[in-house]
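Me: Can we walk through this one together? I'd like to start with the rings and then move on to the cores.

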Amino acid sequence: MQDEPSFDGKAFVANLSSAPGVYRMIAASGDLLYVGKAGNLKKRVGSYFLKPSMQPRIAAMVAQIARMEITLTRTEAEALLLEAQLIKSLRPRYNILLRDDKSYPYIHLTPGDYPRLAFHRGARTGGGRYFGPYPSAISVRETLSLLQKLFRIRNCEDSYFKNRSRPCLQHQIGRCSAPCVDFIGADEYQASVRHAAMFLEGKSNALLDELIARMEEASAALDFERAALMRDRIAAVKKVQARHYVHGAGADMDILACAISQGIACVSVMFFRDGISLGSRDFFPRLALDADESDVLGSFLGQYYLERPVPAELVLSHTPVDAGLLGEALSAHAGHKVELKTSVRADRARFLDMAVTNAGAALSARLASRQTQLARFEALRDLLKLDEVPQRIECFDISHTMGEATVASCVVFGPEGPEKSHYRRFNITGITGGDDYAAMHQALERRYRRIQSGQGILPDILLIDGGLGQVRQALDVLATLGVEGVQVVGVAKGEARKSGHETLILGDTGRSLWPGPDSPASHLIQSVRDEAHRFAITGHRGRREKARETSSLEEVQGVGAKRRAALLRQFGGLAGVTRAGIEELMQVNGINRELAERIYAALHG
């Protein structure tokens, strides 16, 4: 087959526009190599092909280019935002990439006459209002606990709220005003909700002014009980302010510091809103193209604040490239002026020093952890007498309850740790319940048939949670598929099932090894095996609960998927449906008396 012609960069540049825009470099395989932005596309893209010399890593990237794609924008600021969006969604190989960008937690204030305050993570499509994001789940739960004490807003699910006939424990301990049984009117409850929202928005002083005014009104009306309630609430809000207020942090701002060492970058972010510290969080973006701290912070800001509220001030340890342009783009995105500051004094300098210290400490811990992990991989290489340090380990485990809802898990580890984006679960079907050999055979065949067709990467070591029988299943599957070069190792439980006393069964020779509890290789195998076990159990429990929730209702004539979902949603699960009477079942859309009676009879024998 004739080789494809190499990419002619100079000819491509000759026809380029000088307008601002975004360029994408694509390899012959179709993989995206790099995304970049430019105020002048012709000049910027031309620098890759017209310069006589460049850094080795950039040269290696350019050598892989098979084609390029261009998107023109009206301004360079638009190009910067588009670049951040593409990097975030397409994850190019050579870009600085914010890998630790998990879904952040929010506080959700639901819509309705009696809203609830709840922890939320994921898409914000449920109506109502969302406050955040918060740096951690712990900070959200602490804030929710505080709000329940201050404003006594309910936190129960709607299905639970609608079916209460008497107050729950939350009311008895003073954390809910019990709107479920009309212990508080809708207007008064809405006032408490509004005060909670003001507190979450950082309007503590305005909240105090309003509470004081309401206390004085109640006192003038001789409603001393209500006045005392307002007085206690004022004291509680002031106490919270005093405990959480940080001197010198009156503005909404984030403090960001970057540190780089041994090919790893850390960005530490401290969050301040209305003078209150919301904590901090550390990120470890993937480095690319010999980037320095300024490059990392510039890329981080574009990706991190793309889908999050941007505070008025961003205090940075290093000045990003195109800082002015970045500030302009973030201001346009946020709808208010955003200032990027690097030369700061007084309290802001103190906060920045703290962030720099945090970044250095987090990076040191990460490097120590990485070195420990690498030492374990090297110990495993020596134990198995491999030529090189393994770069990819996969481990399979099976989970079921007496043959019910069998699930197989596959977890992946590399020298950097678990690679969770490569984890897979397999719902096992068509086998005799409890046949672990058949379950393992099916999971392995499904996994490696896909890899054989080019939809994945083969591991260097395949760990099987089990003994010789499971190992033979793995060898049989690999031989049938013609997969070679994979070291199969069975992990059989030791005496009394003690961790560290496992027996390793080598698939190529059938030999057994006992590395012992003190072996770093044994520690690595335990952690991989335990993660596979956890991942399998989680999947099995979810599948089992789903089957049990729907199986009883599936047997009722006239209850299809939509009505079943409506019932489970209305009553919060199968237990709630079982507790409901015929009249309550009839309140669900599409359920008449005849069908309600059939459902009730089916669930009650």
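Me: How many aromatic pairs turn up in the whole structure?
Reply: A search of the whole structure finds eleven. Rings of Phe, Tyr and Trp (its six-membered ring) pair if their centres lie within 6.5 Å; planes under 30 degrees apart are stacked, over 60 edge-to-face, the rest tilted. This is a predicted model, where local features need pLDDT of at least 70 and side-chain atom pairs count only at pLDDT 80 or more, while totals for chains, interfaces and linings use all residues. Residues are numbered from 1 along each chain as its sequence is written, and side-chain values use heavy atoms, with hydrogens and water left out.

Me: Tyr114 and Phe161, what sort of pair is that?
Reply: Tilted, with 6.0 Å centre to centre and 45 degrees between the planes. Tyr114 is in the loop between E4 and strand E5 (117-121), and Phe161 is in helix H6 (residues 158-162), 47 residues apart. Helices (H or I, at least four residues) and strands (E, at least two) are DSSP runs, numbered from the N terminus.

Me: Are those two buried or exposed?
Reply: Both Tyr114 and Phe161 are buried, where buried means under 20% relative accessible area, exposed over 50% and partly exposed in between (1.4 Å probe, protein chains only).

Me: What lies over the face of Phe161?
Reply: Arg154, at 4.1 Å from the ring centre. The rule is NZ of Lys or CZ of Arg within 6 Å of the ring centre and within 35 degrees of the ring normal.

Me: OK, cores. Which residues of the largest nonpolar one touch the most other members?
Reply: Ile107, Leu117, Leu147 and Phe151, out of 29 residues. Such a core is a set of buried Ala, Val, Leu, Ile, Met, Phe, Trp, Tyr and Cys residues joined through side-chain atoms within 4.5 Å. Its largest share, seven residues, comes from H8.

Me: And what does Phe151 touch?
Reply: Ser192, His195, Ala196, Phe199, Leu207 and Arg233, not counting residues up to four places away in sequence. Contact means heavy atoms within 4.5 Å.

Me: New topic: why does Ile393 count as buried?
Reply: Because its relative accessibility is 1%. Ile393 lies in strand E12 (residues 393-401), and beyond four places in sequence its contacts include Phe377, Phe413 and Leu524.

Me: What about Gln373, which helix is it in?
Reply: Gln373 is in H13 (residues 346-384). At 12% relative accessibility, Gln373 counts as buried too. Leaving aside neighbours within four places in sequence, Gln373 is in contact with Phe413 and Leu524, among others.
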